[in-house]
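Here is a short briefing on one structure. It starts with the ligand and then turns to aromatic rings.

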Amino acid sequence: MSERLSQRYQQVQNRLHDACDKASIAHTNVRLLAVSKTQPTQAVKACYDLGQRAFGENYLQDALVKIKELSHLDDIQWHFIGPLQSNKTKAVAEHFDFLETLSRIKIAEKLDKQRPRYLAPLNVLVQINISNEPQKEGLDIEHANEFCAQIQQFKRLKLRGLMCIAQNTKDESVLKAQYKKMNTLFKQLKTQYSEFDYLSMGMSNDMELAIAQGSNEVRIGTDIFGKRNK
Ligand SMILES: *Cc1c(COP(=O)(O)O)cnc(C)c1O
């Protein structure tokens with residue numbers, strides 16, 4: 001398994017480098033987030049051993065087991081990228097470095113109170129519902145500015161940028177249009193919020209397209225770890 005993982009990881013790195021070359025940006029400016037949801041602890045550890053440090057998780061219980069088992073790795077970084085229910089905020093406040101799916105004030109209030117004093121403020125990305133699909137989480141573009149202004153009031157949260165999940169389509173023109181809108185919004189907000197520096201968009205199938213439109217964090221699961229069982 002490790003042999004395959006190593007090959008896949010290298011391929012993803014190569015794609016990321018090529019996409020950055022095409023966009024004339026340094027590859028060190030784009031963070032690769034390895035999405036390890038449903039993968040066993042040993043797969044995360046194997047990926048860590050290849051040099052990967054930032055991991056994305058969607059399911060809290062599943063994530064907490066891995067976080068505990070790998071707690072001896074003190075430079076590993078955990079990003080929560082799934083929907084977060086308001087009764088589950090405490091574990092995120094206590095065990096994660098980033099929450100990438102913030103779109104409700106009530107959740108922010110709880111996280112702000114629950115973030116332990118011995119940790120740095122929790123980094124948060126605001127999720128935007130860029131495809132305007134009613135079943136999807138995230139804020140409408142029009143509400144982003146007001147929401148960010150409110151989030152900035154919380155001392156135990158650090159507002160770091162935006163995240164989106166584009167429409168599930170192979171139509172590149174649709175994806176491109178959505179990523180372009182995100183980039184415009186990101187640039188706008190960046191002038192107002194000093195710690196705004198991440199635009200998280202792009203997954204296994206469209207990372208090149210997202211990087212071309214200004215993404216500086218791609219979230220890659222399948223192409224690193226292989227197909228998920230769930
Ligand atoms: C699962 C997931 C990913 C990774 O998707 P792949 O297609 O497996 O690369 C990225 N972002 C979010 C929010 C996810 O839930």
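This is a predicted model: local features need pLDDT of at least 70, side-chain atom pairs count only at pLDDT 80 or more; totals for chains, interfaces and linings use all residues.

A polar contact is a pair of N or O atoms within 3.5 Å.

- S204 places a polar side-chain atom 2.5 Å from an oxygen atom of the ligand.
- The side chain of T222 has an N or O atom 2.6 Å from an oxygen atom of the ligand.
- On its own, the ligand has 390 Å² of accessible area, and the protein covers 90% of that.

**Surroundings of the ligand**
- The ligand sits in the largest pocket.
- Around the ligand there are 13 residues.
- The closest are K37, N58, S204, G221 and T222.
- This shell has six nonpolar, four polar and three charged residues.

**Aromatic pairs**
- The whole structure holds five aromatic pairs.
- In one of them, the ring centres of F80 and F96 are 5.4 Å apart, and the planes stand at 85°, so the pair is edge-to-face.
- F80 and F96 link distant parts of the chain, 16 residues apart.
- F80 belongs to strand β3 (residues 77-80).
- F96 is in the loop between α4 (89-95) and β4 (98-102).

How values were computed. Residues are numbered from 1 along each chain as its sequence is written. Side-chain values use heavy atoms; hydrogens and water are left out. A residue is near a molecule or strand if one of its heavy atoms lies within 4 Å of it. A polar contact is a pair of N or O atoms within 3.5 Å; within protein, one must be able to donate a hydrogen and the other to accept it, and residues adjacent in sequence count only if both atoms are side-chain atoms. Accessible areas come from the Shrake-Rupley method with a 1.4 Å probe; for residues, only the protein chains shown count as cover. On a 1 Å grid over the protein atoms alone, a cavity is a set of points where a 1.4 Å probe fits but cannot get out, and a pocket is an open set with protein on both sides within 12 Å along at least five of seven lines; lining residues have an atom within 4 Å of a point. A molecule sits in a cavity or pocket if more than half of its atoms lie within 2 Å of its grid points. Ala, Val, Leu, Ile, Met, Phe, Trp, Tyr, Cys and Pro count as nonpolar, Asp, Glu, Lys and Arg as charged, and the others, Gly among them, as polar. Rings of Phe, Tyr and Trp (its six-membered ring) pair if their centres lie within 6.5 Å; planes under 30 degrees apart count as stacked, over 60 as edge-to-face and the rest as tilted. Helices (H or I, at least four residues) and strands (E, at least two) are DSSP runs, numbered from the N terminus.
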